[in-house]
Amino acid sequence: MSVSRVAVVSGGGRGIGAAVAKRLAADGHAVGVLDVDEECSCETVEHIRGSGGVAIALAADVADETSVAAAYNRLIAEVGAPTVVVNNAGVTRDALLHKMAPADWDDVIRIHLRGAFLMTKAAREHMVAVKWGRVVNMSSASALGNNGQANYSAAKAGLQGFTKTLAIELGRFGVTVNAVAPGFIATRMTEATAHRLGLSFEDFKAKAAEQIPVRRVGVPEDIAHTVSFLVSEGAGFVSGQVIYVAGGPRG
């Protein structure tokens, strides 16, 4: 397989991040699969290599500048300089406002917003140097508001503002910046939500599908397809956009 670009996907060890990493590798990118624990990325990396792709497992706390720098240094030394960044790393700490601990607010804002900031800033120089780059930030339909997710909704809405501002700043360098806002996607995160509500995951998905125009919930590959387009050569005139991948109109 010929390699066209080097991409880094945060939160790439499972769920949406893993699907995105696998799809970008299939598209011909070398992929840095980054997660907070390198072991979390190994399964994704093994899958990519087994399919003939190029991938490396990276460990980093995306909200720690030193940790991000170390991961990028290793990626550059072993694979090459990244010109595609997918900011997918995230956590949830759901609670109603009056029950939400300040630490739970801080954790969610820190990982999503500071993490995307540091990951993108560290890659900027490499994109500018070659006058080409792609940044995709993982927002969410929860940016429009969701009960018990004041922290997560604020973070995901913040990523949309971050996206639009960077699209303005970096466009002159041939860099596009977009956001993908998933609706209900079947992942371990949504499965955990079902269990927290006392529902089986199958019942939870069935109930959600009733409210979605296409009458099904999403899967990680739905998001990966959209990211694949946004980082392609063909998407060079698409920037500053928030694309809701939610099975119906949102936004």
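Helix H1 passes helix H2 in a right-handed crossing, a crossing being right-handed if the near helix is turned clockwise from the far one by less than a right angle, and left-handed if anticlockwise. This is a predicted model in which local features need pLDDT of at least 70 and side-chain atom pairs count only at pLDDT 80 or more, whereas totals for chains, interfaces and linings use all residues. Residues are numbered from 1 along each chain as its sequence is written, and side-chain values use heavy atoms, with hydrogens and water left out. Helices are DSSP runs (H or I, at least four residues), numbered from the N terminus.

**Packing of H1 and H2**

- The axes of H1 and H2 lie 10 Å apart, and the two helices pack at an angle of about 20°; axes are lines fitted to C-alpha atoms over the stretch in contact, with angles running from 0 to 180 degrees between N-to-C directions.
- H1 is therefore roughly parallel to H2, a description that applies to angles under 35 degrees, while those over 145 count as roughly antiparallel, 65 to 115 as roughly perpendicular and the rest as oblique.
- From H1, Ala18, Ala21, Lys22 and Ala25 meet Thr44, His47 and Ile48 of H2, where contact means heavy atoms within 4.5 Å.
- The contact of H1 with H2 comprises 4 nonpolar, 2 polar and 1 charged residues; Ala, Val, Leu, Ile, Met, Phe, Trp, Tyr, Cys and Pro count as nonpolar, Asp, Glu, Lys and Arg as charged, and the others, Gly among them, as polar.

**The second largest pocket**

- The second largest pocket has a volume of about 190 Å³.
- On a 1 Å grid over the protein atoms alone, a pocket is an open set of points with protein on both sides within 12 Å along at least five of seven lines, a cavity is a set where a 1.4 Å probe fits but cannot get out, and lining residues have an atom within 4 Å of a point.
- Grid points are joined across faces, edges and corners, and a volume is the space filled by probe spheres set on the points.
- Residues lining the second largest pocket include Gly13, Arg14, Ala18, Lys22, Glu43, Thr44, Arg188 and Pro220.
- Helices H1 (15-26) and H2 (38-50) are the elements that give two or more residues to this lining.
- The lining divides into 4 nonpolar, 4 polar and 4 charged residues.

**Helix H4 and its partners**

- The axes of H4 and H5 come within 8 Å and cross at roughly 20°, which means that H4 is roughly parallel to H5.
- H4 passes H5 in a right-handed crossing, and the contact includes Trp105, His112, Ala116 and Phe117 of H4 together with Tyr152, Leu159, Phe162 and Leu166 of H5.
- By class, 14 nonpolar, 4 polar and 3 charged residues form the contact of H4 with H5.
- Helix H3 (residues 65-78) and helix H4 (residues 102-130) have axes that come within 10 Å and cross at roughly 40°, so H3 is oblique to H4.
- The crossing of H3 and H4 is right-handed, with Glu65, Val68, Tyr72 and Ile76 of H3 in contact with H4 residues that include Arg114, Leu118 and His126.
- The contact of H3 with H4 holds 7 nonpolar, 1 polar and 2 charged residues.

**The largest cavity**

- A search of the whole structure finds 1 cavity of 30 Å³ or more, and the largest cavity has a volume of about 60 Å³.
- Of its 13 lining residues, Asn87, Ala89, Ile111, His112 and Ala116 are the closest to the centre.
- H4 and helix H5 (150-170) are the elements that give two or more residues to the lining of the largest cavity, and H4 gives the most, with 5 residues.
- This lining has 7 nonpolar, 5 polar and 1 charged residues.
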